[in-house]
Amino acid sequence: MNIQTSVSFQTSYELLQKLMDSAEKKTWNNLKYFNSRLVLIEGGGYEKIWLETQPMGGEMYAKRNMEAGLNNHLLFMETQREDGRFPGSIAFMNGKITPQFDKFQGFCFPSSALNMYYLIGKDPEYLNLLYTTLEKFDAYLWNVRDSDGDGCLESWCKYDTGEDHALRYGDSPDSWSKEVPPKSSQIVPMASMDIMSFSYSSRETLSKISTIQGNEKRADSWKKKSLSIQKKIKNYLWDETKGACFDRDRNHNIMNVMTHNNLRAMYWNSLTQDMAENFVIKHLLNPEEFWTYMPLPSIAVNDPLFRNIPTNDWSGQSEALTFQRAIRALENYGFDHLVPYLGEKLFQAIGDTCIFVQQYDPFTGKPSIESLEGIQDSYGPAMLSVMEYAARMYGIHIEHERIYWGTTGGHENIYEQVWGNHTFKIKNSGSKAEAFVNGKKVFEAGKDLKIITDIKGNPLNLRQLNTCADIRNIKTFL
């Protein structure tokens, strides 16, 4: 399981080179030991590993450090409660690893955890553990979080979905550790697209694990169970005329707030293709809502609940964490061509000061440098987002048993990924790219493409990273 990984990147794009070099160095400071376990904390003033960020972030960082990437998943599985609940965060306090069960804090876990199975060399014991923990968590959700029996899972506090200070939560508590919902809030228990998506993602991943393990009957059962979640989301939370999902308050009233959480649901793959396309076309790409100068505000900027607050607040400003999640969300539904645009926006917003913060003004792109604790820097989701957008645009990403190569044009680049005994390298002249596996040239391609190959470099599929890209412009050498 101790597979050595590393990334090297050289580019003629001076700003990106500076950002990458700085992110690499500053991320080292977020590597911490929880006892003998190396983990990657969130950083930027957040000294824990959080369920909404650090499994996903750990899998991204596994490109550079497999040990930390793996521990960022294992610690959550190993500290799962007997009833199936995952800790929302894990701290290292007074020399002890301390799981905290006072919120869900999102659930960016199943897809990254499954990819770690492939990255570490397909360890069957790890896969068994992942199956058991996801099965227990899904059962917990349905045993506890449908308190009114309407068939829709609920959020009980702001931190369940990681929406700190969000106005849409009204008088809801920040955190909640009890196994019964608050009684005095006007909003929660809230029927939630996020919490429903936790179950969908768990069940979809359980189906995939069952297929890997050769149990097709069980795989089909989990697939059907996941589709039942998707159907409920569409029937209960989706508004066909508006092209978006909306949560419901404790009285089942629709909460008519245009929130980016629809994009989160895309990250968890819980929307149908038609639903995702509707949301992206009608809302995500609307400059009056989410496609602002700095895209992806938490609340549509024309919504009455939008607030442009520069400190940690999910009522408005564009979040680095949303940029981090947007990659998988868009790729899940074939919107790969939007990824380079978002990456470039992030690069320009951070700029050559290389200060990595949590939030950005959606109208100016200005980083919100001051946090509630003081001047912020080294916020993990911002640094990992820079490195991951660069990998998708100009480099290499490993997903299951496939290699994703990016040939975004305009700059000369050399990106090399070492993964155990394998070396993957892509050289980009700005208009043409050459790809190598273990030193052997495997293809040439034009610019602005994503080429998907197997581990040996045999092309399997193509996608456009620019809608004008010529997808025929590839020559293979195998």
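I took helices (H or I, at least four residues) and strands (E, at least two) as DSSP runs, numbered from the N terminus. With that settled, I found Gly95 in the loop between strand E5 (89–93) and strand E6 (96–100).

Two notes on the source before going further. I am working with a predicted model, where local features need pLDDT of at least 70, side-chain atom pairs count only at pLDDT 80 or more, and totals for chains, interfaces and linings use all residues. Residues are numbered from 1 along each chain as its sequence is written, and side-chain values use heavy atoms, with hydrogens and water left out.

**Entry: Gly95**

**Entry: the six-stranded sheet**

I traced an open sheet of six strands in the order E1-E17-E18-E19-E20-E23, paired antiparallel. Strand E1 (5–11) and strand E23 (474–476) stand at the edges with a single partner strand each, so one side of each has no neighbour in the sheet. Neighbouring strands here are turned by 10° against each other on average, direction ignored. For pairing, I required that DSSP find at least two bridges between two strands. As a reminder to myself, strands of a sheet pair through backbone hydrogen bonds, either parallel or antiparallel.

Inside this sheet I looked at strand E18 (residues 422–428) and strand E19 (residues 432–437), which run antiparallel and are joined by five bridges. Lys427 stands opposite Glu434 in E19.

**Entry: the four-stranded sheet**

I then followed a second open sheet, E15-E16-E21-E22, again with antiparallel pairing. Its edge strands are strand E15 (396–399) and E22, each pairing on one side only. The twist averages 20° from one strand to the next.

Strand E21 (residues 449–454) pairs with strand E22 (residues 459–464) over five bridges in the antiparallel sense. Thr453 stands opposite Pro459 in E22, and Ile452 has Asn461 as its bridge partner there. The hairpin of E21 and E22 has four residues between the strands, and Gly457 takes a positive phi near 100° in it.

**Entry: two helix pairs**

Axes are lines fitted to C-alpha atoms, for helices over the stretch in contact, and angles run from 0 to 180 degrees between N-to-C directions. Helix H2 (residues 54–61) packs on helix H4 (residues 110–119) at about 30°, with the axes 9 Å apart. That makes H2 roughly parallel to H4 (under 35 degrees; over 145 is roughly antiparallel, 65 to 115 roughly perpendicular and the rest oblique). I listed Pro55, Met56 and Glu59 in H2 meeting Ser112, Asn115, Met116 and Leu119 in H4, where contact means heavy atoms within 4.5 Å.

Helix H1 (residues 14–28) and helix H11 (residues 338–350) pack at about 75°, with axes 10 Å apart, and so H1 is roughly perpendicular to H11. Leu15, Leu16 and Leu19 in H1 meet Phe347, Gln348 and Ile350 in H11.
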